[in-house]
Amino acid sequence: MGEHHGPEKGIKRWLLATNHKDIGTMYLWFSFAMFLIGGAFAMIIRAELFQPGMQLVEPDFFNQMTTLHGLVMVFGAIMPSFVGLANWMIPMMIGAPDMALPRMNNLSFWLLPFAFAVLLSSLFMEGGAPNFGWTFYAPLSTTYGPPSTTFFIFGVHIMGASSIMGSINIIATVMNLRAPGMTYMKMPLFVWTWVITAFLLIAVMPVLAGAVTMMLMDIHFGTSFFSAAGGGDPVLFQHIFWFFGHPEVYIIILPAFGVVSEIIPTFARKPLFGYASMVYATASIAFLSFIVWAHHMYTTGMPLAGELYFMYATMLIAVPTGVKVFNWVATMYDGALTFETPMLFCLGFLFLFTMGGFTGLMLSIAPADFQYHDTYFVVAHFHYVMVAGAIFSMTAAVYYWLPKWCGRMYNETLGKAQFWISFIGFNLTFFPQHFVGLAGMPRRIPDYALQFADFNMMSSIGAFIYGGSQLFFLYNVIATIRSGEKVSDDKVWEGANGLEWTVPTPAPFHTFSTPPEVK
């Protein structure tokens, strides 16, 4: 790695990066670029739905947008952003000199731009991009999908390989490179949530790979895995997809839980309430996520006994999740709270994620789900848990750790403005969708009946407000890195009541400022 040549300069520094901080930085910038692209797709969707009738795009292109928006946001924006956070923070939190497998770390990042170049290039191919929704149900995707479906399958394979390598790296690092005395039950919760997430990823990514490989076979090699005409079963695709897809949504949210568990104690100035119960709750959620997949499939005609089982198993997930919410609230109770930007985003997360949890509980009830299924109610539910869950906590994490990463302080006023604009924009976008969904508006449609017009207009206005607030964020981050006020090792947070609190290098770094000698 060139002990005698000093650090690489210029483009080589990034192409050949093996330093966990450089790789973490690349993940974070890549995911933000994907976030803006996925957001642009969402803006097209909301612009079309601003009023009834067909305005801007063809129905087929609208379907391409719904598909790519989902895929880019889940696999391109949310997941890589948390992997970037893991790369930056885990070695520092456990007192390790770097990640255990630095070269594999480099490869797992550089696969991603390639994978998404393949996926997004499908927009310019004959027949257009995939148009069958981000869940790509067969036989819609295998028999009727555009020719670019093959490239989509290739892109998914590469993303999966990247995720598996990143996960192996995190597990190897945490198991082997913890500082002396850093037992498992002394690790910061962010590290715990990521270890559990990494095991989930290794377990379910091969399942997704299996699903897309079977699709490939059906398309090109004359098999009939998902074709009833050849003795296959379209519902088999849904079982395989959701056996991956349900743990996947917990892969997205568990690192967010870790972030919130680091930030709330700092601004409540109290240790986290119930550390051990948080670890066990995270592990319980991970286990339960594997046994509830068919709650996405109540309307496929499964036996009543199956519906009952999946209903009760799904309701059970509310228990460890409730434990977590209780512990976060208990941490704040009687604390000396101040409301800096990271804390605001965490409180936004807590309120909105809990609401998304309640609508999730509604969706878990099989007979009720027959009414909600494939309506905008589901869209509202999962954006309350994904956007308010993953994106709000990710934003909190960036504001919280940015001073540590670049040694400069962000603009607090701008940060707070971004929070309030995005909080209002978010609720204006997704709250009305509960109503149109309950009134029967189906998802993934470019046009709708007249009675849904007012709420859709509100939703579209909210979406553009929320989208605009992300540009505040981009500006604030760049301005901080370039010309923010320099911070000392011990950042002094000014309390809302005028008191000053010295936070000895934010809460998670109670380990070692310099890695101990590696024996």
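Reply: The second largest pocket is lined by 33 residues, and those nearest its centre are Ala42, His69, Met73, His383 and Phe430. A pocket here is an open set of points on a 1 Å grid over the protein atoms alone, where a 1.4 Å probe fits and protein lies on both sides within 12 Å along at least five of seven lines, and lining residues have an atom within 4 Å of a point. The elements that each give two or more residues to this lining are α2 (20-48), α3 (59-94), α13, α14 (412-438) and α15 (453-483), and α2 gives the most, with eight residues. These helices are DSSP runs of H or I with at least four residues, numbered from the N terminus.

This is a predicted model, in which local features need pLDDT of at least 70 and side-chain atom pairs count only at pLDDT 80 or more, while totals for chains, interfaces and linings use all residues. Residues are numbered from 1 along each chain as its sequence is written, and side-chain values use heavy atoms, with hydrogens and water left out.

By class, the lining of the second largest pocket has 20 nonpolar, ten polar and three charged residues. The space in this pocket is about 780 Å³, whereas the largest pocket has a volume of about 1,100 Å³. Of the 40 residues that line the largest pocket, those closest to its centre include His246 and His295, whose side chains are joined by a polar contact of 3.0 Å, that is, a pair of N or O atoms within 3.5 Å, one able to donate a hydrogen and the other to accept it.

Notes
Points joined across faces, edges and corners; volume = space filled by probe spheres on them. Nonpolar A, V, L, I, M, F, W, Y, C, P; charged D, E, K, R; others polar.
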